[in-house]
Amino acid sequence: MTRAFHRPALICNSQSGSYDEAVHRQLVDACRAAGVPLAATVVLPDDDLPDAEALRAQDIDLLAVWTGDGTINAAATRCAGWPGAVLPLPGGTLNLLSKQLHGDRPAADILTDALAGKGRRAPIPTVRSATREAFITIVAGPATRWAEVRETMRQQGLIEASRDAPEAIDAMLNAPGVRIGGDGKSYPAIVLTPTRRGLRADGVVVDGSADVLRHGLAWLGGDFRDGPSEDLAQGETIVLESESPISLEYDGELDEIAAPARFAIGQSAVDFIATA
């Protein structure tokens, strides 16, 4: 159980395809019903994400982030060192961090439980590279091309996405893969997941056209981790190598890093609330 919160704030994105005015009203009403009306609302993309100093200045003690995983990552990174707690709410496409902490539940129900003290407060494990940090996973390798197809489908529809799919398939089958160490087996992607026991690495397996289809459906329809994979390693640090720069997806946001690249287990610099 967590202590009661008195000064909640909300971050949302009015331009997101997942934004719903009715859900927004439910979140506002949930705070009022708990006797703690929202002390501040940050509406992206017009407003800036608050940092620790701004949250302290407004005496905010709970930051409810009702956005996608990438924005939750950015918001939590901005408020590192702040003494309050972050509450991820499902407001994006995949909502992987919210599902991890709360299960597959409506945003208003999660917020109501958090305000009632029905949750656990603690830092969460993270995975870090030399430049960035992920709170859910880092996917490394050419198969991240599917993330671009997924974004095209979300913004422009299935027909436009289908035009990009052949390039994703070609990258998965033919682009230089990634491996652990200099002589390890290469994979079209390696998924790095932070856990309480350390950093876990899983290799994406593609043995034929059926596996390619299963991976494409997993990336487009929900959790990319649902595709075929095999356990590779677990430890405090993992070094990935490739013959080309390594494409990355940090919590849904794309990037690239030079090979070889070292990844390490870490811990978030701000507390999160879990209600499941």
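Student: Is Trp 66 buried or exposed?

Tutor: This is a predicted model, in which local features need pLDDT of at least 70, side-chain atom pairs count only at pLDDT 80 or more, and totals for chains, interfaces and linings use all residues. Residues are numbered from 1 along each chain as its sequence is written, and side-chain values use heavy atoms, leaving out hydrogens and water. Buried means under 20% relative accessible area, exposed over 50%, and partly exposed in between, with a 1.4 Å probe and protein chains only. Trp 66 has a relative accessible area of 4%, so this residue is buried.

Student: How many aromatic pairs does the structure hold?

Tutor: Rings of Phe, Tyr and Trp (its six-membered ring) pair if their centres lie within 6.5 Å. By that rule the number of aromatic pairs in the structure is two.

Student: What is the arrangement of the rings of Tyr 19 and Trp 66?

Tutor: Planes under 30 degrees apart count as stacked, over 60 as edge-to-face and the rest as tilted. For Tyr 19 and Trp 66 the centres are 5.4 Å apart and the planes are at 45°, so the pair is tilted.

Student: Which side chain makes a polar contact with the side chain of Asp 271?

Tutor: A polar contact is a pair of N or O atoms within 3.5 Å; within protein, one must be able to donate a hydrogen and the other to accept it, and residues adjacent in sequence count only if both atoms are side-chain atoms. Asp 271 is partly exposed, at 21% relative accessible area. At 2.8 Å, the partner of its side chain is that of Arg 121.
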